[in-house]
Amino acid sequence: DGDIWLAAFYLIGVLVAGIGARRCRHRKDLLMVGAAVAAVQAATVPLAIILGGSTVYSEIPIVLAFAIFSGGLVAAFAMLLLPLFEYVFNEVTDVRLIELATGDHPLLKQLALNSPGTYHHSVMIANLSEAAAEAIDANALKCRVMALYHDIGKSVRPVYFAENQREGNIHDGLPPELSARIIFAHITEGIELARAHRLGRPVIEAVTQHQGTTLLRIFHQRALARAPKEGREVKEADYRYPGPKPMTRESGILMLGDSVEAATRALKDPSPAELRERVGKIIAEKMTDGQLADCPLTIADLTRIEEAFARVLVMGVYHSRIEYPAANLRQASASGGQIDKDGNGDRNSNSPRGLADRAS
């Protein structure tokens, strides 16, 4: 026997739950959403009963108690069923993103073991992307997870990627078209791994969109250099990633972070000015190439992203360090060893002078 006011009562509870649960980073956040639903429903119950024309006001306390109880029940069922819904519908909530970001997922362990260079590269991009996302109020947690998993396909054939090579470049002895196909393959292999482990849509977006349709310039140039001798036509499309281009703000940030990390890693002992110049150049190149045409990043966003990248690189990666003279260290160690011993030859850890003079 419900009416429009009962429908409004339910609708208000649903809206509060939906808005409150948008950014649930921890399981306890769901309890807070349940409490909010209970409070709003409790406040709406008298209005719904009175506006519905009921004159049995003695029902209000009973309905009020059920409204409060149902808020807690909603939170309990959400906590219980959330993992099931995530698995069945292959959806990724913020709670799931936190679990993926912990670093103990089998794919990340496999990447760190088989492709340590790629793993370090991914962690660096995660730091850059997270800072940039926070600067423009994007989903920083999503950016971090996307960065950590975007190159999981490289764990299949790690030796074909520069960051995992120690003695020479294997591509020097391969035709450029074959090298390009091998590099492109890490996209399809990454998609297969992400689907097999049910990592969800954000990771698949990261794998497919982090390079967009970027040109593999080095292999394209090698092919152009060999073309006159082989009498073969070189098509630029054969040396571009299959795409698609980034379609979300987070994917755009990931692409920029990937390119910036790779480009700045090639610099030897860079100064802050050189780092800032290189970051600005990379972002300008991506814009000129049309790689950011499909994602909703504004010019203001790109300016803040550039500043965030430069800040992380200057302060967190390529910051200056103090160089300790070797002779002074040896002298400090020797003196510290004499001072830290008492008359019985044991370490005197309680001596203030020993604590102060012990070599760090």
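Between which helices is the loop that holds Asp137 found? Asp137 is found in the loop between H6 and H7. The model under discussion is a predicted one. Its secondary structure comes to 15 helices and zero strands.

**The protein as a whole**

- The protein has 360 residues, and buried residues make up 41% of them.
- Among contacts between residues at least 6 apart in sequence, 74% join residues at least 24 apart.

**Helices H1 and H2**

- Helix H1 spans residues 4-20 and helix H2 spans residues 27-51. The two pack at an angle of about 165°, and their axes are 9 Å apart.
- Angles over 145 degrees count as roughly antiparallel, and H1 and H2 are therefore roughly antiparallel to each other.
- The crossing in which H1 passes H2 is right-handed.
- On the H1 side, the contact is made by Trp5, Phe9, Ile12, Gly13, Val16, Ala17 and Gly20. On the H2 side, the residues are Val33, Ala36, Val37, Val40, Gln41, Thr44, Val45, Ala48 and Leu51.
- An α-helix has 3.6 residues a turn, so residues three or four places apart point the same way.
- The residues of this contact of H1 with H2 comprise twelve nonpolar, four polar and no charged.

**Helices H5 and H6**

- Helix H5 covers residues 106-114, and helix H6 covers residues 116-135. They pack at an angle of about 125°, with their axes 5 Å apart.
- This angle makes H5 oblique to H6.
- From H5, the residues Leu108, Leu111, Ala112, Leu113 and Asn114 meet Pro116, Thr118, Tyr119 and Ser122 of H6.
- The contact of H5 with H6 is made up of six nonpolar, three polar and no charged residues.

- The buried residues of H9 are Pro202, Val203, Ile204, Glu205, Ala206, Val207, Thr208 and Gln209.
- What covers these buried residues includes helix H7 (140-149), helix H8 (176-196) and helix H11 (249-265).

- Glu86 is placed in helix H3, which runs over residues 59-89. Residues under 20% relative accessible area count as buried, and Glu86, at 10% relative accessibility, is therefore buried.
- Apart from its neighbours within four places in sequence, Glu86 is in contact with Glu91, Thr93 and Arg96.
- Ser129 belongs to helix H6. With a relative accessible area of 0%, Ser129 is buried.
- Setting aside neighbours within four places in sequence, Ser129 contacts Cys143, Ala147, Ile253, Leu254 and Phe309.
- Lys154 lies in the loop between H7 and H8. At 10% relative accessibility, Lys154 is also counted as buried.
- When neighbours within four places in sequence are left aside, the residues in contact with Lys154 are Ser115, Thr118, Phe161, Glu163 and His186.
- With Glu163, Lys154 forms a polar contact of 3.0 Å between the side chains.
- Lys154 and Thr118 are 36 residues apart along the chain, and their C-alpha atoms are separated by 7.4 Å.

**Backbone features in the loops**

- Phi of Asp137 is near 65°, a positive value in a residue other than glycine. Asp137 counts as exposed, at 65% relative accessibility.
- Arg198, in the loop between H8 and H9, has a phi near 50°, again a positive value in a residue other than glycine. At 31% relative accessibility, Arg198 counts as partly exposed.
- The peptide bond from Gly243 to Pro244 is cis, and its omega is near 10°. Pro244 is found in the loop between helix H10 (217-230) and H11.

Notes. Residues are numbered from 1 along each chain as its sequence is written. This is a predicted model: local features need pLDDT of at least 70, side-chain atom pairs count only at pLDDT 80 or more; totals for chains, interfaces and linings use all residues. Side-chain values use heavy atoms; hydrogens and water are left out. Axes are lines fitted to C-alpha atoms, for helices over the stretch in contact, and angles run from 0 to 180 degrees between N-to-C directions. Helices (H or I, at least four residues) and strands (E, at least two) are DSSP runs, numbered from the N terminus. Angles under 35 degrees count as roughly parallel, over 145 as roughly antiparallel, 65 to 115 as roughly perpendicular and the rest as oblique. A crossing is left-handed if the near helix is turned anticlockwise from the far one by less than a right angle, and right-handed if clockwise. Contact means heavy atoms within 4.5 Å. Ala, Val, Leu, Ile, Met, Phe, Trp, Tyr, Cys and Pro count as nonpolar, Asp, Glu, Lys and Arg as charged, and the others, Gly among them, as polar. Buried means under 20% relative accessible area, exposed over 50%, partly exposed in between (1.4 Å probe, protein chains only). A polar contact is a pair of N or O atoms within 3.5 Å; within protein, one must be able to donate a hydrogen and the other to accept it, and residues adjacent in sequence count only if both atoms are side-chain atoms.
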